[in-house]
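User: I am new to this structure and would like to learn how to read it feature by feature. Could you take me through it slowly?

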Amino acid sequence: MKVLYKNCPVVLIALFVFTTCLFSGIYAQAASQYYYQIKIYHFKTKTQEDRLDSYFQNAYLPALHKAGVKYVGVFKVIKQDSLDRKIYVFIPYRTWDDLENTDQKLLKDQQYLDAGKDYIDAAYNNSPYSRIETIITRAFVNAPEPNVPNLTGKKADRVYELRSYEGATEKLHASKLKMFNVGNEMAIFKKYNMNGVFYSEVIAGSHMPNLMYMTAYNNKQDNIDKWKLFGSDPNFVALGKMPEYQKNVSHNEQVFLYPTDYSDY
């Protein structure tokens with residue numbers, strides 16, 4: 001008993017160190033995953049579009065950069081719905097605190113308030129948009145950060161493809177997440193240089209449970225060619241045949257976008 005008692009402090013210290021390291025590792029892993037805010041601005045007229053462009057270019061993006069968000073993507077739909085036109089804004093935040101607090105920082109930035117006055121102080125009957133839709137996602141563990149694609153084509157020709165994979169149930173959705181991370185489906189995107197901008201799980205949105213990711217291409221033909229390679233890849237075909245990955249996507253939605261001149265992506 002005396003030997004055990006004498007060794008207790010050592011055991012306790014070792015246990016404390018192990019527990020601290022374990023939780024520190026878990027925290028570090030969680031902290032390294034970005035949070036993404038996808039804001040979809042719905043608008044109807046060319047005047048609204050011009051006001052939004054001016055606000056994003058001259059006020060919003062510069063203020064976000066100043067607040068610590070290095071890259072912000074602003075994209076327009078290649079084939080717009082004439083009755084419900086949209087602009088997508090992609091904002092990557094390093095931490096949850098950044099996501100929560102950045103908007104408050106902007107409200108204290110006088111340069112932002114002055115540059116964005118037309119948007120910020122718009123009258124109730126002269127709004128620069130119809131509605132704003134917001135989606136919050138968390139980066140995959142195996143793709144914890146966003147990536148600015150290395151594209152060589154003209155910016156006007158580039159195609160950014162935003163995809164959403166919905167699951168019929170939470171369990172089936174978890175299967176698709178596993179397919180991306182454990183099954184390493186993302187490696188196939190990388191193999192064919194499909195320029196993954198981000199891969200993430202939606203944690204707040206209107207189509208849950210779902211995941212969202214974005215890939216980028218020099219032009220439309222580049223998009224078509226690489227998806228053909230992806231679809232016939234032996235690893236992807238094998239993944240699709242595995243029992244644990246069956247029927248894990250109930251709806252696949254894709255939006256083809258192009259970057260604005262002032263977009264960082």
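User: Which residues does Tyr60 touch, not counting residues up to four places away in sequence?

Analyst: Contact means heavy atoms within 4.5 Å, and by that rule Tyr60 touches Lys39, Tyr41, Tyr55, Val89, Ile91, Asp103, Leu106 and Tyr112, with residues up to four places away in sequence not counted. This is a predicted model, in which local features need pLDDT of at least 70 and side-chain atom pairs count only at pLDDT 80 or more, while totals for chains, interfaces and linings use all residues. Residues are numbered from 1 along each chain as its sequence is written, and side-chain values use heavy atoms, with hydrogens and water left out.

User: How many residues are in the largest nonpolar core, and which elements give two or more residues to this core?

Analyst: In soluble globular proteins, nonpolar side chains tend to be buried together. A nonpolar core is a set of buried Ala, Val, Leu, Ile, Met, Phe, Trp, Tyr and Cys residues joined through side-chain atoms within 4.5 Å, where buried means under 20% relative accessible area, exposed over 50% and partly exposed in between (1.4 Å probe, protein chains only). Here the largest core has 24 residues, and those touching the most other members include Tyr41, Tyr60 and Val89. Two or more residues come from each of S1, H2, S3 and helix H3 (96–106), these being DSSP runs numbered from the N terminus (helices H or I, at least four residues; strands E, at least two). H2 gives the largest share, eight residues. Apart from this core lies another, of 22 residues, among them Ile135, Tyr160, Phe198 and Val255.

User: Where do the buried residues of H3 fall, seen down the axis of H3?

Analyst: An α-helix has 3.6 residues a turn, so residues three or four places apart point the same way. In H3, Leu99, Thr102 and Leu106 are buried. Seen down the axis of H3, its buried residues fall within an arc of 65° (that of the directions from the helix axis to the C-beta atoms), so they line one face of the helix. These buried residues pack against S1, H2, S3, helix H4 (110–115) and S4.

User: In what order do the eight strands close into a barrel?

Analyst: Strands of a sheet pair through backbone hydrogen bonds, either parallel or antiparallel, and two strands count as paired if DSSP finds at least two bridges between them. The barrel closes in the order S1-S3-S2-S8-S5-S7-S6-S4, with antiparallel pairing. Seven bridges join S5 to S8, and Leu162 stands opposite Val255 in S8. S2 pairs with strand S8 (residues 251–259) over three bridges, where Val77 stands opposite Leu257.
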